[in-house]
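Please walk through this fold with me, from a sheet to a group of packed helices.

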Amino acid sequence: MATGRLGLEETLGALNAALGPGGPVWFKETRARHLRARDFLAPRRALQARFGDGQVPERVVRAVVDLQGPGVAPVLRCEPTPAGLELRLQRAAVFERVLGAAGAYASPGRPAAGAPRVLLHCPALRAAPRALRLSQLRAVLVADHLARALRAHGVRVRLVPAVRDPHLSAFLQQLRVDWPAASERASAEALRSRALAEVASAGGPGALPAGVLGRVCLKELVGRGRAAGYDPNLDHCLVTEDLLSQLAELQAAAQHPPEDGSPGLAPAPGAADSCVAVHVVSPEEESQQQQLDLLWWKLDEQAPLTQKHLVCGPVRAAGAPRTLTAPEYYELRLAQVCAASALKHSRDLAQDPAWTETFRVLSAATIKFEMLSKAPQGQLLLDLADSMSTKGTKSGTFVMYNCARLATLFEGYQRGVDQGLYPTFPPVSSLDFSLLREEGEWLLLFNSVLPFPDLLSQTAALDAARTEMVCKFLVQLSMDFSSYYNRVHILGEPRPHLFGQMFARLQLLRAVQEVLHAGLATLGLPPLSYL
């Protein structure tokens, strides 16, 4: 039997290569009604552009059917239809390959060996917790999620700034945001001397506002080379002690490798071109961050050559009588979670220590899915109405509910084993995956387990950070699992002739659970075992 992890990117690459020179033609089907007939489609219009009359030569079709290679899924058939060229995989073989090594699909598709170090900077974390705006909270959550996705991909990440306010640290812990606390401050003396020299060379400080050390000219940097696209009006910078302190912390972080034990390769300290600075900012912070970038390049020859900005869009709260702060938003969601639980269980569990942690996790999940389910650059409108029900299909609560359902399923199986109703789980190599014939079973494997490694890799792409992908993926996975779970009785009657199908289904759902847990881990959310 062939070994190695199957990959959608590898399969699509091989399919497109089999059609000959030209751009990509094939795409993966995702909808249940299409997956009843095919797994991939090369649309007729695209084939007409490639082959003129749209007739694919028989030798090309044979080459597609005979495709083999590392990561390429085995093909069952490929045939022309009115829609185009339809392809169906050998599904039983794919089930066997994937579920035989289910754990391999809960990690990124390709290691990031040799990737540059990433300095991830979130200026919002310099704010006081009670003054933290919703747009700043969004930037914080995006930065935390991006850091986790990068580390899962093997990239070495250093987080800046270190949090100095203990109240802010406590608030971040409530939200399951993993950010370093402050240690000692970096020295800004060298930068201060360089800045004062620049002020002197520019003709002295002149009349300056109180607290300003001097004015540094940035004209020679604006709009050129690495600063292309920056605001052309940023032709000077008023240097303050606070600005130099921020710059010193960035400088120190860029010149020293991370201490997080990430498996990426650590370049030599001081290698500026091996470190990429990513600034995750709210709209209000963008102009000031551009100014700080330019000042860094001006005062420090070893500043990272590449500095990227991820500007998170504004956040509006519908129905809020006034501006809502981030802590107030958290307290609102926590109260709604507790109220929804009291309604479900017919009693108030908010004071029950056994439930306190669960409510906090649910509140964090609700907020993260609200803040991260849309592309970070766009405007976000929050609905502050009570939407904590597990019956909704778009929320973090719904995802965590299905996480708990999976845990309950496996606990039920184990109780059955302890009671002598079911045998212990057999070796995976002995399972018959041809017994997985339900539409929902292929949907879970093909749309959830198989694509997850590529999804993690795309989330960690710095050129186009797609921090909304994991939340959307987990919501769709939960919807597919919920539909399947409600329709199919997994733990059947304890009859020997039914055990084969039960074990195949449990192995599929074990793979789904691993992917779900890995996805939640990139959001900093622990799995729940009950709700």
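Helix α3 (residues 44–51) lies across β2, β3 and β4. Its direction makes an angle of about 55° with β2. Lying across rests on contact, meaning heavy atoms within 4.5 Å. Axes are lines fitted to C-alpha atoms, for helices over the stretch in contact, and angles run from 0 to 180 degrees between N-to-C directions. Helices (H or I, at least four residues) and strands (E, at least two) are DSSP runs, numbered from the N terminus.

This is a predicted model, in which local features need pLDDT of at least 70 and side-chain atom pairs count only at pLDDT 80 or more, while totals for chains, interfaces and linings use all residues. Residues are numbered from 1 along each chain as its sequence is written, and side-chain values use heavy atoms, with hydrogens and water left out.

Strands of a sheet pair through backbone hydrogen bonds, either parallel or antiparallel. Here the sheet is open, with four strands in the order β1-β2-β4-β3 and antiparallel pairing. β1 (27–28) and β3 are the edge strands, each pairing on one side only. Two strands pair if DSSP finds at least two bridges between them.

Follow strand β4 (residues 84–89). Strand β2 (residues 40–43) runs antiparallel to β4, and four bridges join the two. F40 stands opposite L87 of β4. A42 has L85 as its bridge partner in β4. Strand β3 (residues 75–81) pairs with β4 over six bridges, again in the antiparallel sense. There, P80 has L85 as its bridge partner. A hairpin of two residues connects β3 to β4.

How many of the six residues of β4 are buried? Six of the six are buried, so β4 is largely enclosed by the rest of the structure. Buried means under 20% relative accessible area, exposed over 50%, and partly exposed in between (1.4 Å probe, protein chains only).

Next come the helices around α17 (496–521). Two packed helices are described by the angle between their axes and the distance between the axes. Helix α16 (residues 469–487) packs on α17 at about 155°, with axes 10 Å apart. The two helices are therefore roughly antiparallel. Angles under 35 degrees count as roughly parallel, over 145 as roughly antiparallel, 65 to 115 as roughly perpendicular and the rest as oblique. The crossing of α16 and α17 is left-handed. A crossing is left-handed if the near helix is turned anticlockwise from the far one by less than a right angle, and right-handed if clockwise.

On the α16 side, V470, F473, L474, L477, F481 and Y484 make the contact. By class, the contact of α16 with α17 has eleven nonpolar residues, one polar and one charged. Ala, Val, Leu, Ile, Met, Phe, Trp, Tyr, Cys and Pro count as nonpolar, Asp, Glu, Lys and Arg as charged, and the others, Gly among them, as polar.

Helix α14 (residues 439–449) meets α17 too. Their axes come within 11 Å and cross at roughly 30°. α14 and α17 are therefore roughly parallel to each other. Their crossing is left-handed. α14 contributes E441, L444, L445, S448 and V449, while α17 contributes R505, L508, L509, A511, V512 and V515. Eight nonpolar, one polar and two charged residues form this contact.

Is α14 enclosed or open? Ten of its eleven residues are buried, so α14 is largely enclosed by the rest of the structure. W442, F446 and N447 are among them.

T522 lies in the segment after α17. At 4% relative accessibility, T522 counts as buried. T522 touches H145, R148, L456 and V470, leaving aside residues up to four places away in sequence.

Finally, two backbone details. Most residues other than glycine have a negative phi, and most peptide bonds are trans. V160 and P161 are joined by a cis peptide bond, with omega about 0°. P161 sits in the loop between β6 (157–160) and α7 (166–174). R176 is not a glycine, yet has a positive phi of about 60°. R176 lies in the loop between α7 and α8 (189–201). At 15% relative accessibility, R176 counts as buried.
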